Amino acid sequence: MSTAGSVHLSADIVTRARELIDLYPHPRSALIPICHLAQEQDGWLRPEAIDEIAALVGLTPAEVLGTASFYEMLHTEPVGTYVIAVCTNIACMLRGAYELLDHIQDSLEVRAGATTADGMFTLEETECIADCGRAPCLAVNHRFVGDVTPESFDGLVDGLRNGTMADDIPRHGTLVRVRRQGGLRVDDATIRAERETASAKATGGA
Amino acid sequence: MAITEAPRIVTSRLEHDDSHTLERYLATGGYEGLRKALSMSPEDVAREVDAVSLLGRGGAGFPAGRKWSMLRKAPTTYLVVNGDESEPATFKDHLLVERDPHQLIEGVVIAAYAIQATRAFIYVRGEFALGLERVQSALNDAYEHGAVGRDIFGSGFSIDVVVHPGAGAYICGEETALLESLEGKRGFPRIKPPYFPAAIGLYGEPTVVNNVETLSNLPWVIMNGSEAFTALGAGRSTGTRLFALAGHVRNPGVYEVEMVKTTFRDLIFAPILGGGIPGDRELKAIIPGGVSAPWFGPEHLDLPLGQDEVGEAGSMLGSGSIVVMDDSTCVVRAAWRITRFFWRESCGQCTPCREGSGWLEKILRRIEDGDGREADVDLLMDVCDNLAPGVSWPPQQTTICVLGSSIPSSIASAIRMFRDEFLVHVKDGGCPHV
């Protein structure tokens with residue numbers, strides 16, 4: 001599990017990746033959280049990041065790519081600074097999502113699935129994001145915006161272009177800005193010993 | 001219509017803007033349920049939960065207490081929280097993780113104590129960026145407060161809790177797919193048997209997987225006792241439940257109501273709940289429990305919101321989401337969009353699901369676009385029959401998990417209830433609603 005070869009992922013990302021690995025009984029469990037970290041650095045999963053993640057969790061690059069490619073949020077090709085995911089599933093569809101998507105495609109001059117020429121926006125048609133009380137809704141880099149109208153969408157894009165929303169919506173890839181404070185507090189051996197004692201008590205100390 | 005005066009069990013703090021903070025949580029009785037649980041024996045906590053008939057709030061409705069009692073005895077046991085809420089139009093766990101994360105954490109530690117788990121993982125849907133931040137932040141504060149970690153509240157009980165983000169895949173809500181995902185793999189549901197992770201779960205160890213809302217009930221259950229809980233609802237459907245109401249209603253949103261004592265009509269039309277259909281249009285159909293559920297018509301409005309009551313009527317409460325469709329809705333388009341979802345989210349392991357979802361989506365699409373044939377309606381039912389032989393309820397299964405057998409629900413409902421509308425699409429060469 002040598003990471004001497006980590007030259008692409010920053011020292012900070014590698015440190016955080018190792019902290020994540022320590023939270024699980026098996027390093028592979030940290031794979032998806034570490035992929036999110038790599039996207040925090042690059043916006044998407046670059047091939048050189050995949051190689052280094054593989055070394056960190058003890059897999060081959062093919063195993064990392066094979067897993068990552070299953071998941072919608074992990075991008076194996078470059079995406080824009082802002083990924084706009086417009087929900088068109090049933091609850092949003094009933095409240096005008098496809099009409100909204102038409103407006104967004106016209107307004108950004110891209111079809112769903114594509115990135116604007118300036119690299120600013122990637123537009124996605126997404127499945128239900130669980131914000132149906134505010135349908136039609138969308139997410140920008142997984143920050144949710146509800147009750148969207150053509151006018152409010154244009155205002156949102158203006159805000160993203162001129163940087164006034166940078167605090168609310170980080171660049172694509174930054175998923176969780178709150179870090180875990182400290183690692184595990186109880187090692188497995190202690191836990192098992194405690195549980196055995198508890199279980200012995202429950203069975204009448206037998 | 002009467003809305004019962006049931007207490008709010010899992011949404012009691014949501015009137016406060018700071019409901020997600022430790023300060024507010026402690027000021028409103030937070031972590032008292034855990035203190036009480038830790039003063040009881042783990043077996044007594046488990047018995048209390050078994051006694052309330054807490055039906056799992058994730059979708060399958062399996063009693064939480066029974067799930068716990070099936071655990072294989074082993075030195076290592078895991079508790080995994082299913083917070084991967086992805087069933088279309090279901091948005092109640094999203095609310096709980098964002099607005100009351102401490103309540104979830106308290107429920108997690110109570111459950112971990114009852115089953116004597118060695119570690120707990122909270123799997124939160126990856127798209128819930130704010131939810132992930134809120135749960136992590138609350139967990140950091142809970143450790144600091146002594147409610148999680150070493151020697152919790154001086155009781156001698158210790159447990160670590162880890163927040164784990166998903167990465168976008170509906171299928172990971174299926175509990176064995178969720179465990180695969182937590183192991184760092186593709187979210188492929190596991191072949192059954194074993195039917196329950198209680199025997200072979202995370203890393204092959206005995207594991208309990210409970211839903212966010214299920215666990216969020218536990219602090220109240222322990223504080224108020226099983227009798228107070230079972231006094232609410234009726235039959236097996238005890239307590240309250242969160243319903244996510246969406247579609248053609250004036251007030252879409254999440255409502256906590258007493259089970260069985262509340263009907264679909266109450267939920268959709270009561271002014272303090274759904275508020276009725278905008279423009280006073282006519283109700284056409286209801287999807288009662290997530291898009292995997294067969295649809296109901298206006299004749300089902302007075303059916304009680306109870307698991308067995310809805311099951312006997314030929315559908316399910318499922319994930320607790322209710323979609324209302326008024327008379328302006330094109331049912332072909334609705335069935336097409338739901339089928340498109342299943343096609344996009346099929347994990348691809350089983351042929352009937354992988355291929356069937358795609359064929360059904362294409363046939364529905366061509367009917368909606370005006371390129372359909374009269375025989376397409378029977379063809380749709382025939383493909384549905386390959387996915388779930390007999391197209392009955394509950395469905396027969398031809399696939400590893402229930403995603404495949406859920407696909408026919410919307411299509412068969414739309415055809416059985418509104419066959420003429422399919423034929424009008426074919427005859428007129430397009431959708432009459434466009």
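This is a predicted model: local features need pLDDT of at least 70, side-chain atom pairs count only at pLDDT 80 or more; totals for chains, interfaces and linings use all residues.
**Exercise 1. In which sense do strand 9 of chain B and strand 10 of chain B pair, and over how many bridges? Then work out how enclosed strand 10 of chain B is.**

Residues are numbered from 1 along each chain as its sequence is written, with chains lettered from A and ligands numbered from 1 in the order in which they are written.

*Solution.* 
- Step 1: Strand 9 (residues 283-287) of chain B pairs with strand 10 of chain B in the antiparallel sense, over four bridges. Pairing takes at least two DSSP bridges, and strands are DSSP runs of E, at least two residues, while helices are runs of H or I, at least four, both numbered from the N terminus.
- Step 2: Here B:A285 has B:M325 as its bridge partner.
- Step 3: Now try strand 7 (residues 240-247) of chain B: four bridges join it to strand 10 of chain B, and the two run parallel. B:A244 is partnered with B:S321.
- Step 4: Five of the six residues of strand 10 (residues 321-326) of chain B are buried, so the strand is largely enclosed by the rest of the structure. Buried means 20 or more other C-beta atoms within 10 Å of a residue's own, exposed means 12 or fewer, and partly exposed is in between, with C-beta atoms placed from the backbone.

**Exercise 2. Describe how helix 3 of chain B packs on helix 6 of chain B.**

*Solution.* 
- Step 1: Two packed helices are described by the angle between their axes and the distance between the axes.
- Step 2: For helix 3 (residues 42-51) and helix 6 (residues 101-115) of chain B, the angle is about 115° and the axes are 7 Å apart. Axes are lines fitted to C-alpha atoms over the stretch in contact, and angles run from 0 to 180 degrees between N-to-C directions.
- Step 3: B:P42, B:V45, B:A46 and B:V49 meet B:I110, B:Y113 and B:A114; contact means C-beta atoms, placed from the backbone, within 7 Å.

**Exercise 3. Which residues of helix 3 of chain A are buried, and what covers them?**

*Solution.* 
- Step 1: The buried set in helix 3 (residues 47-57) of chain A is A:A49, A:I50, A:E52, A:I53, A:L56 and A:V57.
- Step 2: Their cover includes helix 1 (11-21), helix 2 (31-42) and helix 4 (61-68) of chain A.
- Step 3: Just past this helix, A:G58 takes a positive phi of about 75°.

Definitions and conventions
Two residues are in contact if their C-beta atoms, placed from the backbone, lie within 7 Å.
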